[in-house]
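Keep the viewer open as you read.

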Amino acid sequence: MAKRKATALDVAKRAGVSRSAVSLVLNGRAQGNVTAERQERVLRAAAELDYTPNSVAVSLRNQQTSTIGVITDDIVTSPFAGRLISGASRTALARGYMVLVIDSEHDVSRESTAAQQLAHRQVDGIMYATGSLREVTTPATMRTLPAILANCTDAASPFRSVIPAEVDGGRAAAQLLIDLGHRRITLLTGTLSSPAAPQREQGYREAMEEAGLGREQQRVHLTGWDIDDGYRAASAVLSGGDRPTAIICSNDRVATGVLLYAAAAGLRVPQDLSVVGYDDQQHVAANLVPALTTVALPHAEIGATAMSMLLDEVEGKAPAAEKHEGETILVPCRIITRASTGAPPAS
């Protein structure tokens, strides 16, 4: 016969305290209400009896479900941004929350429906997350709940946003090459429709200016985001007489194209040409030949930070969100140095 599950009353009897004292201790409200000695007895009794609170009963008492809804565009199927959901989920689980994820696949009507469904299921809050940095229009239903944006912004909403520090990432990529001695550095930007591209370009230009390399020495080439874009761009910028000694790419896929062209053109990396990517795409950057130096997008940290901020609001541990309307939290991007970068050729 199955062993009977211990109740709060069993814990109270074992600890020699009242049922209300058990509730105060196990719900984190014992400070000032229950002596330290009795708190210790309750915790010891709960451990001995392997007691766990009834989550349904706790939800009814607290009018919370300990569930957070996450609306995404394509993160679930993304080759690298799934780390954002992983970071958010781990943070939620550590604090006793479940996560419900709905992938809209960029369908605005599905996003609206998802927000309504999550609200009907009485989630305690909603995180809206995107695979790549972009401006979004959040569903109106989100304004009825604690909510936060991860890897995106919405100028028309009051929500706080947690995004990568793209300007600093672009600056760090350029500074790495400058410190290695490079002066002829080309930046291959992505399409200007992405807010990340101009921010990374800004960081590149700031680092070049600080190194005494003015506009006339700065090389910016509008590219794209895919391997063939990188191949074509490399062909264009490396075929002239005054070719760069280093190339910063809009992402790791573009860097792959640059490496392929360099190999076809007989250029050694990094002896003849240094290459820096962006993203630190899983199963790609570290496995290229040579392994790719890249700027790592902090997706896991963005997810964890955004979830922690949202849970603090849900639990009343943070000031009301209205006091922080439109606030943007920047999460640092870090350089991961591998074999694709080195000093410029002596010539």
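In which loop does proline 290 lie? Proline 290 is found in the loop between β9 and β10 (293-296); helices (H or I, at least four residues) and strands (E, at least two) are DSSP runs, numbered from the N terminus. Before going on, please note that this is a predicted model, in which local features need pLDDT of at least 70, side-chain atom pairs count only at pLDDT 80 or more, and totals for chains, interfaces and linings use all residues. Residues are numbered from 1 along each chain as its sequence is written, and side-chain values use heavy atoms, with hydrogens and water left out.

**Backbone features**

Proline 290 is joined to valine 289 by a cis peptide bond. Another cis bond runs from valine 269 to proline 270, and proline 270 sits in the loop between α10 (252-264) and β9 (274-279). Here are the two bonds with their omega values.

| Cis peptide bond | Omega |
|---|---|
| valine 269 to proline 270 | near 10° |
| valine 289 to proline 290 | about -5° |

The loop between β9 and β10 also holds aspartate 280. Aspartate 280 has a positive phi, near 55°, in a residue other than glycine. Histidine 106, not a glycine either, has a positive phi of about 65°, and its place is the loop between β2 (98-103) and α6 (108-120).

Are these residues buried or partly exposed? Aspartate 280 counts as buried because its relative accessibility is 12%, whereas histidine 106, at 44%, counts as partly exposed. Buried means under 20% relative accessible area, exposed over 50%, and partly exposed in between (1.4 Å probe, protein chains only).

**Helix α2**

In helix α2 (residues 19-26), the buried residues are Ala21, Val22, Ser23, Leu24 and Val25. They pack against α1 (8-15) and α3 (36-48), where contact means heavy atoms within 4.5 Å.

**The cavity**

Searching the whole structure turns up one cavity of 30 Å³ or more. A cavity is a set of points, on a 1 Å grid over the protein atoms alone, where a 1.4 Å probe fits but cannot get out; lining residues have an atom within 4 Å of a point. The largest cavity has a volume of about 70 Å³, volume being the space filled by probe spheres set on the points, with grid points joined across faces, edges and corners. Of its 13 lining residues, Leu187, Leu188, Arg200, Cys249 and Ser250 are the closest to the centre. Both β6 (185-189) and α8 (196-210) supply at least two residues each to this lining.

Key: On a 1 Å grid over the protein atoms alone, a cavity is a set of points where a 1.4 Å probe fits but cannot get out, and a pocket is an open set with protein on both sides within 12 Å along at least five of seven lines; lining residues have an atom within 4 Å of a point.
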